[in-house]
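Please look over the structure shown here before reading on.

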Amino acid sequence: MGGRVAWSGKSYGGYWGTLSFLALLKIGLLPAYFLLAFVAAFFVLFRRGAVAPIADYLARISGRRVRGVSFAAYGSVFSFGMSILDRTAYFAGCGSIKVDDESFAQIAEARAKGRGVLILASHTGGWAIASGELAAKFPDAAVVGADRERAEIRKLVDSSRARAAPETLSDFSDGFSPVAVYAALRAGRIVAMHADRDAGGRSAKARFLGAEVRSPSAPYACAWRAGAEVLQIFCFRESPFRYRTFCERIDLSECPSADGAAESGAGQFFSNLEKFLRRYPRQWYNFYDFFGKGS
Amino acid sequence: MDRDALVSDIKKKLVSALNLQGMPEDSIGSDTPLFGDGGLGLDSVDALELVVMVENEYGVSVGDKDAASAVFASVNALADYIIANRK
């Protein structure tokens, strides 16, 4: 692996592009998918810098050389666009997005033990849709995450929202987010966050698709200290308009320390992630230099 | 425990809880910032460990992240918080 990897948190789409898709969604998802076919082609042909990391990921998951300008890369970009459109339609209450749930019973079961539950997610499939389902089934669940999207785009998307998203507990704007997470977990709450992106703080190493990657240490340290259950949730698109959630337990019970919990947790997290990505290879949406080749 | 003893005790426990090997507790200034540049340079996981240490050793909770930035500004600030909140 190269050096630490940066992530800007901003989408590639502009204000007018977002507005166009929102307008099309009022007609339905299929017209929006139709327009997306051309947008995805433009992206693959003319945003070579952004496509290179996709090709790198696809080469790792398939074990074959993948060119930036290729049907494989196009498929990934189109899949990513679909996930954004589906998410927007889902939260706007339009379209016909369905979610088959295979994880929420496990969340309820974990919660019944009387401890907090830490839910770890990744930037794959329909993770935002999973957060909406979580908010609907567990209204006191909270998320931790940084929204670095441009203000005008965030405002535009929020204006179309009809379905509640979970409460945001903290946004990583300072170094004290773990304090809030730990307090919430100790109080028996459900807290969800992403754990696949190294945001630059203390992190734990893990192996993923043949490379050494890093996962933030704080989530695992919080869970270990709070004695919380840790569940890794996935939400993948099985077919157009239909998603399915999956759950894997991350076991930190044998870890001797917070740093040990982070190492063990990160290893289990990326192992689970790789297993599911081999099943849904096009639904990986970390479209930046994730593996650090450009660092 | 009077305030001076508490400040000294906090420094000792801080070194132990955060595994600050090689850092004598006497070298930690009572007003030295614990986080950020120009201080001990602790990180977010250290903040969590401090919360746990203060809970376990002094029976005082720090559950609010906004409060935490003030409580953990320095050893003196932490001592003031413990004195004000311990039962």
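## A covered helix in chain A

Helix 8 of chain A, residues 177–186, is mostly covered, with 10 of its 10 residues buried; a residue counts as buried if 20 or more other C-beta atoms lie within 10 Å of its own, as exposed if there are 12 or fewer, and as partly exposed in between, with C-beta atoms placed from the backbone. The buried residues include Pro178(A), Tyr182(A) and Arg186(A). Just after helix 8 of chain A, Gly188(A) adopts a positive phi of about 85°. Helices (H or I, at least four residues) and strands (E, at least two) are DSSP runs, numbered from the N terminus.

The model is predicted, so to speak of local features requires pLDDT of at least 70, side-chain atom pairs count only at pLDDT 80 or more, and totals for chains, interfaces and linings use all residues. Residues are numbered from 1 along each chain as its sequence is written, while chains are lettered from A and ligands numbered from 1 in the order in which they are written.

## Chain A as a whole

Chain A contains 10 helices and nine strands, and buried residues make up 45% of its 295 residues. Of the contacts in chain A with a separation of 6 or more, 77% are between residues 24 or more positions apart, two residues being in contact if their C-beta atoms, placed from the backbone, lie within 7 Å.

## Helix 9 against helix 10

Within chain A, the axes of helix 9 and helix 10 (residues 258–279) come within 8 Å and cross at roughly 120°; axes are lines fitted to C-alpha atoms, for helices over the stretch in contact, and angles run from 0 to 180 degrees between N-to-C directions. Helix 9 of chain A and helix 10 of chain A are therefore oblique to each other, given that angles under 35 degrees count as roughly parallel, over 145 as roughly antiparallel, 65 to 115 as roughly perpendicular and the rest as oblique. Tyr220(A), Ala221(A), Trp224(A) and Arg225(A) of helix 9 make the contact with Ala258(A), Ala261(A), Ala262(A), Gly265(A) and Ala266(A) of helix 10.

Ala221(A), in helix 9 of chain A, is buried, with 30 other C-beta atoms within 10 Å. Beyond its neighbours within four places in sequence, Ala221(A) has contacts that include Pro178(A), Ala262(A), Val45(B) and Leu48(B). Ala221(A) and Ala262(A) lie 41 residues apart in sequence, and their C-alpha atoms are 6.2 Å apart in space.

Ala218(A), Ala221(A), Cys222(A) and Arg225(A) in helix 9 of chain A meet Ser44(B), Val45(B), Leu48(B) and Val52(B) in helix 2 of chain B.

The contact between the chains takes 18 residues from chain A and 14 residues from chain B. Helix 2 of chain B supplies seven residues, the largest share of the side of chain B that touches chain A.

## Confidence

The predictor gives the complex an ipTM of 0.91 and a pTM of 0.89. Chain B has a mean pLDDT of 90, with 100% of its residues at 70 or more, where pLDDT is the predictor's confidence in each residue, from 0 to 100.
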